Amino acid sequence: MTSRRDSLKALSLVAGLGLVSPGSLLASGNLLKKDKLGIALVGLGYYSKDLLAPALQLTKNCYLAGIVTGTPAKAAEWKAKFNIPEKNIYNYQNFDSIKDNPDIDVIYVVLPPSMHREYVERAAAAKKQVWCEKPMAVTSADCQAMIDACKKHGVSLLIGYRCQHEPNTKAFQEIVKGEKLGKVLSLDCAAGYREGRTDHWKQKKEMGGGVIYDMGVYSIQGARLGANSEPIAVKSAKVWTERPEIYKDGLGEIVEAELEFPGGVTGKIKTSFAENVNFLNIVCEKGTIEMAPFSAYAGNKGKSPLGEINFPFQQPMEQVYQMDDDAQSILSGKPMQVPGEEGLRDIKVVEAILESARTGKRVMV
């Protein structure tokens, strides 16, 4: 039987390889002794209520242990529905006291983007593992500060990119990475839906609103994963709105851009709050991979000359895959599949797109 001393030696070796710090595994009451992680959701809006909470009833490696909300009525509702102990219910004023609660291992920040940095930094200071919804933050400087805070306090930081955990995305990535259809030549990717809300954070610039941050990161992710490389520049970009009474002060309802990747690979992306659109086409030397939809909550599928890509699952299984994978990474000390650096890469592209649209020039990423 492996002793605790041997386990600690193994952790030190893993840390020496730069995979994860011992502190990130030993925080929150010694995770070595746990087979499941207790998750506290910060922010109980639609995504937490309709997707994350149901998913946490199905996960194997983690469970819903606590909540953070500024609405007493929501606290009462969630307490009754999910049998959450009173001591595991927090508001935004007493949030920092969560550091003393051994039931909470992971803090999942599900707030408007403008609030991500503050609560990620506070979660890290509380020595809790940190998961953060996309988009990671409003600026790349905020993203880097979040990464630095988690490293400083010896905890992990993972970004909620659910698609990277689901089988259809993994299938098209396998084709691209293995060059099974030859090298990638170009890409075309779009993600959007008709947004009916008019007074949500998505329509407020100061809260991180605008389509490029919300749905836009899916298009950027699709292009990056499809190219299996990082864009080096934004060749051109356009930001506009068809409903200026809703998307004010230059806030983008629709964004189009052309990305440049190494080796002359080009990627056209579109994102929209005005229309339902969701596809990724990857043109390779020996044929095209066509994914439609490529980033839905369920029903992702596609085809290529190699055959059909269709691994069906039901909502909210993407969130189950994501949280189980992330929890297992923490428990086992394995490298994080979607660390903070992944979110930072997307926001750097977002910033370059917005600058290119503003100046009309090619912008390096």
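**Aromatic pairs and an open sheet**

Eight aromatic pairs turn up in this structure, counting rings of Phe, Tyr and Trp (its six-membered ring) whose centres lie within 6.5 Å; planes under 30 degrees apart are stacked, over 60 edge-to-face and the rest tilted. The model is predicted, so local features need pLDDT of at least 70 and side-chain atom pairs 80 or more, while totals for chains, interfaces and linings use all residues. Numbering starts from 1 along each chain as its sequence is written, and side-chain values use heavy atoms, without hydrogens and water.

Take Tyr47 and Tyr297, a tilted pair with 6.3 Å from centre to centre and 45° between the planes. Tyr47 sits in helix α3 and Tyr297 in the loop between β12 and β13, 250 residues apart (helices are DSSP runs of H or I, at least four residues, and strands of E, at least two, numbered from the N terminus). Tyr47 counts as buried at 12% relative accessibility, whereas Tyr297, at 24%, is partly exposed (buried is under 20% relative accessible area, exposed over 50%, partly exposed in between, with a 1.4 Å probe and protein chains only).

Phe95 and Tyr119 make an edge-to-face pair, 5.3 Å centre to centre with 75° between the planes. Phe95 is buried at 0%, and so is Tyr119 at 4%. Together with Tyr92, these two residues form one aromatic cluster.

Then there's the sheet: nine strands form an open, mixed one, in the order β14-β13-β12-β11-β7-β10-β9-β8-β15 (strands pair if DSSP finds at least two bridges between them). At its edges, β14 and β15 each pair on one side only. β15 runs antiparallel to β8, over two bridges, and Val363 in β15 is the bridge partner of Val234.
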